[in-house]
Every structure is written in C-alpha cells, then in structure tokens.
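This briefing goes through one protein chain and its ligand, topic by topic. Look at the sequence and the structure first, then read the points below.

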Amino acid sequence: MSERLPVKKSSRTAALPDRAVSQEAATGGAAAAPLLRARVIAAHGQLLRMRTGAGEDVLARPPSRDCQVVCGDYVQCEFDARHEQLRIVALEPRSGALYRSNARGKGELIAANLSLLLIVVAPLPAPDFYIVDRYLAAAQCAGIRAAVLLNKAELAIDAAVDRELRAYTALGLDSLRVSAMALTGLAELRTLLRDQTAVLVGQSGVGKSSLLRALVPDSSPSVGALIRDDEGRHTTTATWLYALPGGGSIIDSPGVRDFAPAIDRLSAPALGFSDIAALSAHCRFADCRHLREPDCAVQQAVGGYLSARRYESYRRLRRLYERLQSAQTSVPSRRRRR
Ligand SMILES: Nc1nc2c(ncn2[C@@H]2O[C@H](COP(=O)(O)OP(=O)(O)OP(=O)(O)O)[C@@H](O)[C@H]2O)c(=O)[nH]1
Ligand SMILES: [Mg+2]
Ligand SMILES: [Zn+2]
C-alpha cells in the first residue's frame with residue numbers, strides 16, 4: 001500500500017510524485033539542474049538531513065508546512081539558487097508507514113518505508129506488554145513485519161516475562177534474545193535485519209541505542225540526537241536512520257512511556273490483533289466487538305488459547321479506539337478567527 005501527500009510544486013517541476021521522475025518531463029524539455037534523489041535520515045529541526053545514492057549526506061529544506069516528511073522517506077530535491085539551499089520538491093509514495101495517535105487521536109507519522117518493526121523489551125525497565133501489543137497492532141495494520149527483541153538477556157528473566165515472550169513466538173512472531181552489553185544473539189539479529197529497513201521502538205532505557213551501536217559500530221551518537229535526562233543518562237530525542245554494514249538500514253527512535261496506534265489506520269474489527277482476528281471468524285455476529293456479545297469465540301477462548309492479559313490488552317485498545325473516535329466526531333469544527 002502506498003500513499004501520496006500533497007507536495008508544494010516548484011515552478012519548474014509540474015508534478016513529481018512518482019518514483020521514476022523524468023527530468024525532461026519535469027522541466028518540459030528545458031535544460032535544468034538535475035533532481036537529486038535522497039533518503040531522509042533525520043527529520044528534526046528546520047533542515048532535513050538526507051543521504052544521496054552516492055552515500056553523501058546533505059541538508060534540504062522541507063517542501064511545505066502541511067507536508068510531513070519523516071525519517072525513511074525517499075524524496076527528490078532541487079537546488080534553490082536564490083537561497084543556496086537544496087529544497088525537497090517531491091515525496092515518493094510510501095510503504096510501511098508507522099503512525100501513532102496524539103492525545104487528540106490524530107495520526108502522527110513516525111517513520112516511513114519500513115519493512116521490520118523491532119519492538120525492544122528488557123528485564124529492566126520492567127516490560128509493559130500492553131505497549132508491545134499496540135506496536136504489534138500498528139505493524140499488522142500497516143503491513144510491516146514485527147519482531148519482539150529481548151535485550152539485556154544476560155540479566156535474570158522473570159518467569160512471567162519469559163511466558164509473554166513465548167506467547168509472541170506462538171503467535172508466529174520472531175522473538176530474539178540479545179545483549180548489547182555481552183554482545184550475544186547479534187548474529188541472529190543481523191540475519192533478521194539483512195536488507196530491511198528496520199526501526200527500533202520501545203520503552204525508554206531498554207537499550208535501543210546500545211543495540212544500534214553494537215550493530216553499526218561507527219555510529220557516533222548524532223549531534224542533537226541525544227540529551228542527558230534527569231538521572232544523567234543519555235536518552236534519544238530524535239529519530240535517525242543508519243546504514244547497516246551488511247546491507248539495509250536501521251532507525252533508532254526515542255523511547256516511549258506509552259504508545260497508541262493511529263486510530264484511522266487500525267482495521268476493525270480486531271484492531272490489528274491477529275489472534276483475535278482468527279478467532280472472530282467463529283463469533284456469532286460478523287461485527288462482534290468481542291466485549292459482551294453472546295456466542296463470542298474470542299471471549300470463550302480467554303484463559304485457553306487467548307491469555308487473559310492479551311484479551312485485556314485488546315479491550316484497552318478497543319476502549320481507547322472508541323473514545324478517540326467519538327472525540328474526533330464530536331469536536332465542533334471551529335471557525336477561523338479573522
Ligand atoms: N545489562 C545491560 N545493560 C544494557 C544493555 N544494553 C543497554 N544497556 C544499558 O541500558 C541503559 C539504556 O540504554 P540505551 O541504549 O540508552 O536505551 P534506549 O532504549 O536507547 O533509551 P532511550 O533512548 O531513552 O529510549 C544504558 O545504561 C545501557 O548501558 C544490555 O544488554 N545489558
Ligand atoms: Mg536511545
Ligand atoms: Zn466476538
């Protein structure tokens with residue numbers, strides 16, 4: 001699935017939304033500076049940082065205020081001689097876009113053109129598997145493959161955590177155990193990452209940036225991407241894309257306290273819960289919400305095929321989904337003040 005966003009057209013580029021942009025077509029045959037194709041590697045601040053096909057890092061101005069360009073996007077740039085600056089003039093169609101909901105339920109794009117979502121957990125900080133489930137739901141609805149990664153595997157692992165990880169494996173997900181500190185499990189992880197565009201997501205402090213440094217040895221902490229938090233620890237503040245030595249790319253993202261998928265991207269009725277979607281085929285009603293409906297195969301499976309925790313996770317997301325949906329529909333459209 002791909003999407004197109006409105007991009008402010010430049011005077012010389014009539015319409016450049018497609019991957020294969022013909023320079024002649026774009027300029028009406030007139031000689032012009034060639035368009036530069038690049039991938040966004042960091043999208044914070046006023047200028048976006050991108051990498052060209054030749055491996056050169058350049059800065060460029062975003063196309064317009066209403067066009068969001070994020071890490072992982074492929075864009076076309078032209079040189080704006082007046083400002084002596086590169087400017088993005090086209091955004092290529094996206095696939096595998098990860099969105100979250102903001103507090104008002106509006107979708108916000110985190111990163112694009114992803115093929116693998118690596119949801120990182122650790123024995124410490126204690127894992128919040130509700131967050132993991134929500135990332136899984138977002139990945140499922142966006143068509144992105146997901147894997148659960150336990151980092152700090154050299155530490156003692158709680159039996160309940162171990163049980164949850166096994167449940168993800170039973171769902172058909174890759175579930176790896178690695179240690180960025182002891183450097184274990186990395187060969188398997190590198191195999192999983194080969195030729196992918198992967199993004200590391202999860203709670204703050206689970207070791208996403210440490211894993212990144214283990215995988216991409218020359219990735220010095222990028223300027224502006226880290227700040228010292230209250231406890232004096234370095235925490236990631238911006239999303240950055242790095243090239244993997246074995247091919248492919250990996251994106252490090254800031255840690256979260258919570259995560260909610262963008263509601264307009266959650267496909268009803270199972271909201272991206274693949275186990276619930278499979279069970280729902282046996283519910284009496286085709287539009288069963290699996291809450292209090294009679295003859296609901298999902299409710300009947302709780303405690304058996306479906307763990308009570310995973311079902312509770314679905315119920316919480318369902319409640320959030322309905323709350324944000326009704327908040328969006330009940331917001332009166334405000335007239336703009338003059
Ligand atoms: N014991 C152990 N500690 C680790 C391991 N990996 C990372 N850490 C430690 O965990 C802490 C957090 O690591 P980070 O890599 O900054 O975690 P993060 O997920 O990037 O955190 P945010 O940027 O805040 O989201 C640091 O003190 C690391 O040294 C590991 O495999 N084992
Ligand atoms: Mg980090
Ligand atoms: Zn049901």
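Helix α2, residues 129–142, has 14 residues and reaches 20 Å from its first C-alpha to its last, close to the 20 Å expected at 1.5 Å a residue. The model is a predicted one. The protein chain has eight helices and 15 strands, and of its 338 residues 39% count as buried. Among contacts between residues at least 6 apart in sequence, 64% join residues at least 24 apart.

- Is α2 mostly covered or mostly open? The helix is mostly covered, with 12 of its 14 residues buried.
- Among the buried residues of α2 are F129, I131, V132, Y135 and L136. The buried set also includes D133, R134 and Q140.
- Just after α2, G143 takes a positive phi of about 70°.
- The largest nonpolar core has 86 residues, and those touching the most other members are C71, L98, L117, L118, I119, Y135 and V199. The largest share of this core, nine residues, comes from α2.
- Leaving aside its neighbours within four places in sequence, L118 is in contact with A147, L149, A198, V199, L200 and V201.

**Helix α8**

- Helix α8 covers residues 308–330, which is 23 residues. From its first C-alpha to its last, α8 reaches 33 Å, close to the 33 Å expected at 1.5 Å a residue.
- Which residues of α8 are buried? They are R310, S313, Y314, L317, R318, Y321 and L324.
- The buried residues of α8 pack against β6 (98–101), α2 and α6.

**Strand β15 and its partners**

- In a regular strand the side chains alternate between the two faces of the sheet. In β15, S249 and I251 point one way and I250 and D252 point the other way, and all of them are buried.
- β15 pairs with strand β11 (residues 197–202) in the parallel sense, over four bridges. Here I250 in β15 is the bridge partner of A198.
- β15 also pairs with strand β14 (residues 240–243), in the antiparallel sense and over four bridges. L241 stands opposite I251 of β15.
- The hairpin of β14 and β15 has five residues between the strands, and one of them, G247, takes a positive phi near 105°.

- Which residues come nearest to ligand 1? Of the 20 residues around it, G207, S209, T235, T236 and G255 come nearest.
- By class, the shell around ligand 1 has five nonpolar, 11 polar and four charged residues.
- α5 (208–215) and β13 (234–236) each supply at least two residues of this shell.
- G255 is found in the loop between β15 (249–252) and α6 (274–280).
- Why does G255 count as buried? The cut-off is 20 or more other C-beta atoms within 10 Å, and G255 is buried because it has 21 C-beta neighbours inside that distance.
- The C-alpha atoms of G255 and G207 are separated by 9.4 Å, although the two residues are 48 residues apart along the chain.
- Leaving aside its neighbours within four places in sequence, G255 is in contact with G202, Q203, S204, G205, K208, T235 and T236.

- Most residues other than glycine have a negative phi, and most peptide bonds are trans. The points below are exceptions to look for.
- A cis peptide bond joins L124 and P125, with omega about -5°. P125 is in the loop between β8 (116–121) and α2.
- L271 is not a glycine, yet it has a positive phi of about 55°. L271 is in the loop between β15 and α6, and it counts as buried because it has 24 C-beta neighbours inside 10 Å.
- H290, also not a glycine, has a positive phi of about 65°. The loop between α6 and α7 (297–301) holds H290, which counts as buried because it has 26 C-beta neighbours inside 10 Å.

Definitions and conventions. Residues numbered from 1 in each chain as written. Chains lettered and ligands numbered in written order. Predicted model: local features only at pLDDT ≥ 70, side-chain atom pairs only at ≥ 80, totals over all residues. Near = placed C-beta within 6 Å. Nonpolar A, V, L, I, M, F, W, Y, C, P; charged D, E, K, R; others polar. Expected span 1.5 Å × (residues − 1). Contact = placed C-beta atoms within 7 Å. Pairing = 2+ DSSP bridges. Core = buried A, V, L, I, M, F, W, Y, C linked by C-beta atoms within 7 Å.
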